[in-house]
Amino acid sequence: MKHNVMLTVASLLSILLLTLHITDDIVRGISKAGPSNIALAVLVLFLYGTLVLSERRSGYVIMLLVGLFAAGMPVIHMRGTHYGEIAKSTDGFFFAWTLWALGALGGFTFILSARGLWSLRPSQRPVVQQPEHEKGRRTA
């Protein structure tokens, strides 16, 4: 499978799991669902970066952020004092599973996008100069 295809799929799955997890947070009352929520604008940016800018530097940076957010979600939630209570509650399995899936998939997305950014850097090949006595000569 091509590197960019894997990255696009991993980023899209990360975005899907992020939306499911944020929705679960809202339903449980962990996050607020306000009309001026900026999360929707961020989601649009993540989708645009993943689907339209996928092989550009800006696309790799956006997917790097997707991976970082997804991988950071378990770190944020598992350090909370109510994590154990939520995990034991109704639908706690889904809550815990999405955290584990986000962590793994987010890390994978982060690594693939960092690798994509690394591949875009200018090559470090040394410039070969012609010797003085060959300058101006034409080669056949």
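Me: Let's start with Val 61. Which helix is it in?
Reply: Val 61 sits in helix 3. Keep in mind that this is a predicted model.

Me: Is Val 61 buried, exposed or partly exposed?
Reply: Partly exposed, because its relative accessible area is 37%, and that class runs between 20% and 50%.

Me: OK, switching to Ser 11. Where is it, and is it buried or exposed?
Reply: Ser 11 is part of helix 1. Its relative accessibility is 0%, so it counts as buried; the cut-off for buried is under 20%.

Me: What does the Ser 11 side chain pair up with?
Reply: The side chain of Thr 50, through a polar contact of 2.8 Å.

Me: Now pockets. What's the volume of the largest one?
Reply: About 320 Å³. Its lining has 15 residues, and Thr 19, Ile 22, Ala 39, Leu 40 and Leu 43 are the ones nearest the centre.

Me: Which elements give two or more residues to that lining?
Reply: Helix 1 (3-28), helix 2 (39-51) and helix 3 (57-78). Helix 1 gives the most, six residues.

Me: How many of the lining residues are nonpolar, polar or charged?
Reply: The lining of the largest pocket has 12 nonpolar and three polar residues, and no charged ones.

Note on methods: Residues are numbered from 1 along each chain as its sequence is written. This is a predicted model: local features need pLDDT of at least 70, side-chain atom pairs count only at pLDDT 80 or more; totals for chains, interfaces and linings use all residues. Side-chain values use heavy atoms; hydrogens and water are left out. On a 1 Å grid over the protein atoms alone, a cavity is a set of points where a 1.4 Å probe fits but cannot get out, and a pocket is an open set with protein on both sides within 12 Å along at least five of seven lines; lining residues have an atom within 4 Å of a point. Grid points are joined across faces, edges and corners, and a volume is the space filled by probe spheres set on the points. Helices (H or I, at least four residues) and strands (E, at least two) are DSSP runs, numbered from the N terminus. Ala, Val, Leu, Ile, Met, Phe, Trp, Tyr, Cys and Pro count as nonpolar, Asp, Glu, Lys and Arg as charged, and the others, Gly among them, as polar. Buried means under 20% relative accessible area, exposed over 50%, partly exposed in between (1.4 Å probe, protein chains only). A polar contact is a pair of N or O atoms within 3.5 Å; within protein, one must be able to donate a hydrogen and the other to accept it, and residues adjacent in sequence count only if both atoms are side-chain atoms.
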